Amino acid sequence: MRERIKRMVSKEKVPFIEVHLEEREGVEIYYVGKELESLNQFIDIGGNVRAFSNGIWSFASFNSFDELESHIHFVAREARLGSKGRRGRLAKIKPYVDEVTVKLDDDPIKVPINEKIKIAKSYNSRILRSKKIQSSKVMYEDLFQRRFYINSEGADIVEEKIYCGISFTALAKDGMNVQMIHKSKGDTSGFHIVKGLEGEVEEVKKDAIDLLKAEKVKAGVYTVVADPLLAGVFVHEAFGHLSEADFVYMNKKMQKIMQLGKRFGESNLTIVDDGSMRGERGFYKYDDEGVPSQKNYLIKKGILVGRLHSRESAANMSEEPSGNARSINYRFPPIVRMSNTYIAKGNMTFDELIGDIDQGIYAVRARGGQTELEMFTFSSAKAYLIKDGKIGPMIRDVILTGNVFETLKNIDGIGNDVHLHGGLGGCGKNSQFPLPVSDGGPHIRIRNVVIGGE
Amino acid sequence: MGNKLEKSEEKLVEILDKAKKIVDEAEILWIKVKEFPVIFKANRFYTAEKKDFEGLGIRVINKGKLGFANTTKIEACGAILDYAKSATKFGESAQFVFPIKTTLRPVKTFFNSVKKITTDEIKEHCTYVIKEILKKEPDAKVDVKYKMSERTIRITNTKGLDINYKKTLVSIYVVILLIIDDSIIWISKVKASPKKTIINKEDLRQLLEKAELAKKVVPIDSGEMSVIFMPSVMPIPLSSFTTGVNGKLVQKGASPLKDKKNRKLIDRSVTIHDDALLKEGVATRPFDREGIASRRIPIFKNGILKNFLFDLQTAGLLRQKSTGSAVRDYDEMPCPGISNIVVSPGEWSVADMVKDIKNGIIVHNVIGGGQSNILAGDFSCNVSLGFRIKNGKIIGRVKDTMIAGNAYDVMSNIEGIGKRIESIGCFYTPAFYFKSLNVIGR
């Protein structure tokens, strides 16, 4: 098949053409309340072809390989037609030939289905074992994925990945007062990630019940200490997306805002994106343009030093490809995405971070996050008041919002405890969701955060 | 319905025959989608795409229990059927039987005008839209995404049901990016319809008017004030209601509306329907994803909660009837969901709402909706595009501002409802004018 594809590709008169083929197999197990609502096993197969000519792309994706040749023909023609009078190129890279297989000691794909169900069921029953809990949700998911990549420059890569994870949600209810807490675990390291989580399940259950009695946060401007998971969502949502060069390279004014060498934070702030971290949810050896993943510094000691690139954005900005062109699956073209994004370790202990806060908020984990360029908003899963340097009562509905540039400068304390989190789900961009990523950091302290509420 | 069969569709008959031999009952949902997106980025043509997908989900009942599996590899159907059967060992007990043939109300979901659109025509239209915007905003960067799609949905089961329909959909997304004094302004317009759709003069006028207004940033103090939610923001409070009436959440006891049927929960002026038969609606369909005939369901009538939305299984568990509200893609088990949510209009023009306000804001876009406790009705969002109103006039854009409240509270405190309905995805809603909402500025 691969030889046949190479022949088809070589026939087309277009500067660049590439083919992705993909096989996916997996299981989804969803408990909702008492019932096993869904046990879904699937086999998914598909591919895409993409052609590039003078800054213009054309793309076709499909399930059936029957018409592969005509798809290749289509993209080559469209790219050629659209590119008249245009200019644009791709950054040069070495065409890799490689076969990356996954060998895990505890390969989730080999675990019998009833064992997976048993684990999900035991966590679910544990959540429901309280009168104050109205409902629950436990989701187990695993996925085996094998991607073939061939391009007209000679690249020929096969890469396998195995994802596995679990999430649990506890829903407590008292009349119209409904409170939910959610937590997840997931990465590419094997089946062990979903085992032995009884303690975390208990915590989720207790938090949901405690939230029923928690007071709503009072709106205002606070000093916030974010835990590593929320710090991760912040660095991903608020800064990471701005580092994605695909919307920077076409916009001169944006380039000025994101100019390398510009100060973005205090000298204690370093931000990294690193797709080569084995075992993390955002790990991969090659991105979906055949560029090896690597450690990319985005901010070093407060100064903007790098950004995330595809081959196209790198060429346009005369920078190096960073290995960040990714697609969620064969249905979509690769676009510039993050991998494992984190704030590097600082030197403060947790007590030091909260010690001099008279009135603040300790925000833990994220329920969600969203950005629109410089504006961001994200909500913490749970939160506590900080009063006179000590953690106080639990509060709820803490939604943080602000301007990225101001907020990065307002990070004035960085903890010494880095933790990365993958979980289930992932990142969304241009209708590609969920892309497996990890994000994290240490505990961080941010001054002057706007919190919505009553 | 006498359509020409695709190669893989012949396979469906074969699988169903095989299923009859190894399980008690079976159902196949087959969906085929063709999409043609054309994308302009930063004022110029960037890419043309073609997508061609199909997949099927097999749901079976064996010894009274449910099982499911799905695939896009049509040749792998044998294995998928075995997966579905093996899943019944662990599955929930089926509280329903697969439907037999039903009478469907005719509703138009397929428009030939969409099939006839050519890539060149789209390119021409996008170029025109960008040119018009650049005339007034020469420094703007405009992205346009124009997408046509055509899908076929077919459901067949061992009770003899075998129905299908085709559906077209066009969506256009225009976003204007302006950078003024290092401040990023993003103004967007989304349009979707089963018919051929374009960005017309009025759309352009509104986009450019917003761009002009957005250039001047004005300060705002925190506090309770009058707020206008443009239709684009209404899905935020409305989704608390659509989540609350979801039969699944009612059945699980998670919905706060569980025991509230026939009670007045919001203002008498509010009437909301779930209308899968809406003329030219984006979610219009003759039947749901289990083959149950569509109908128009009152959710709130004059502020009174009238109905929950059920699929077969949740209805069965509660000894109710399916409301024809099953939603899912081919790769999922059904669950209850919305179709077109239609909010009845009022008598106000947005201009009159603005004139009526001494101190307040008009909100066009927010980010961070859906992050709050939706079930409880709470929302707390960042106003990504909103304008300050003073003494009946818009005076400038607000920044770093949040709005927070509760859907049940705000919808009980309505000053006025707009007379013009706009479609925001599958929400068809007018603007709402609330007398008092918490606005947090800095």
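A:Asn296 counts as buried, at 8% relative accessibility; buried means under 20% relative accessible area, exposed over 50% and partly exposed in between, with a 1.4 Å probe and protein chains only. The model is a predicted one, in which local features need pLDDT of at least 70 and side-chain atom pairs count only at pLDDT 80 or more, while totals for chains, interfaces and linings use all residues. Residues are numbered from 1 along each chain as its sequence is written, chains are lettered from A and ligands numbered from 1 in the order in which they are written, and side-chain values use heavy atoms, with hydrogens and water left out.

A:Asn296 lies in strand E11 of chain A. Helices (H or I, at least four residues) and strands (E, at least two) are DSSP runs, numbered from the N terminus. The side chain of A:Asn296 reaches the backbone oxygen of A:Ser322 at 3.2 Å. This is a polar contact, that is, a pair of N or O atoms within 3.5 Å; within protein, one must be able to donate a hydrogen and the other to accept it, and residues adjacent in sequence count only if both atoms are side-chain atoms. Contact in general means heavy atoms within 4.5 Å. Residues up to four places away in sequence aside, A:Asn296 touches A:Ile271, A:Val272, A:Asp273, A:Leu308, A:Ser322 and A:Asn324.

Strand E11 (residues 295-300) of chain A pairs with strand E10 (residues 271-274) of chain A in the antiparallel sense, over four bridges. Two strands pair if DSSP finds at least two bridges between them. A:Tyr297 in E11(A) is the bridge partner of A:Val272. The pair belongs to an open sheet of six strands in chain A, ordered E12-E11-E10-E15-E24-E21, with mixed pairing. Strand E12 (303-304) and strand E21 (419-421) of chain A are its edge strands, each pairing on one side only.

Chain B also holds an open sheet of six strands. Its order is E10-E9-E8-E13-E20-E19, and the pairing is mixed. Strand E10 (304-305) and strand E19 (422-424) of chain B stand at the edges with a single partner strand each, so one side of each is left without a neighbour in the sheet. Within this sheet, strand E13 (residues 341-343) and strand E20 (residues 427-429) of chain B pair in the parallel sense over two bridges. B:Val342 stands opposite B:Tyr428 in E20(B).

Strand E17 (residues 402-406) of chain B is largely enclosed by the rest of the structure, because five of its five residues are buried. Both of its faces are covered. B:Met402, B:Ala404 and B:Asn406 are buried on one side, and B:Ile403 and B:Gly405 on the other. In a regular strand the side chains alternate between the two faces of the sheet. Strand E15 (residues 378-390) of chain B runs antiparallel to E17(B) and is joined to it by five bridges. Three bridges join E17(B) to strand E21 (residues 432-440) of chain B, again antiparallel. B:Ala404 stands opposite B:Ser380 and also opposite B:Asn438 in E21(B).

B:Ile133 is in helix H4 (residues 119-136) of chain B. At 0% relative accessibility, B:Ile133 counts as buried. Leaving aside neighbours within four places in sequence, B:Ile133 is in contact with B:Val142, B:Val174, B:Ile176, B:Leu204 and B:Leu208.

The interface between the chains comprises 71 residues of chain B in contact with 83 residues of chain A. The two chains bury about 6700 Å² between them, 53% of it on carbon and sulfur atoms; buried area is the accessible area (1.4 Å probe) that two parts lose on being put together, summed over both. In chain B, B:Lys50, B:Phe90 and B:Gln371 lose the most area to chain A, together 11% of what that side buries.

Between chain B and chain A, 34 residue pairs are in polar contact, both at pLDDT 80 or more. Strand E2 (residues 44-62) of chain B gives the most to the side of chain B that touches chain A, with 11 residues. That side divides into 28 nonpolar, 19 polar and 24 charged residues. There are six salt bridges between the chains, each a side-chain nitrogen of Lys or Arg within 4 Å of a carboxyl oxygen of Asp or Glu. One links A:Arg396 to B:Asp378, with the closest N and O atoms 3.7 Å apart. Strand E3 (residues 56-62) of chain A pairs with E2(B) in the parallel sense over six bridges. There, B:Lys50 in E2(B) is the bridge partner of A:Ala60.

Note on methods:
Ala, Val, Leu, Ile, Met, Phe, Trp, Tyr, Cys and Pro count as nonpolar, Asp, Glu, Lys and Arg as charged, and the others, Gly among them, as polar.
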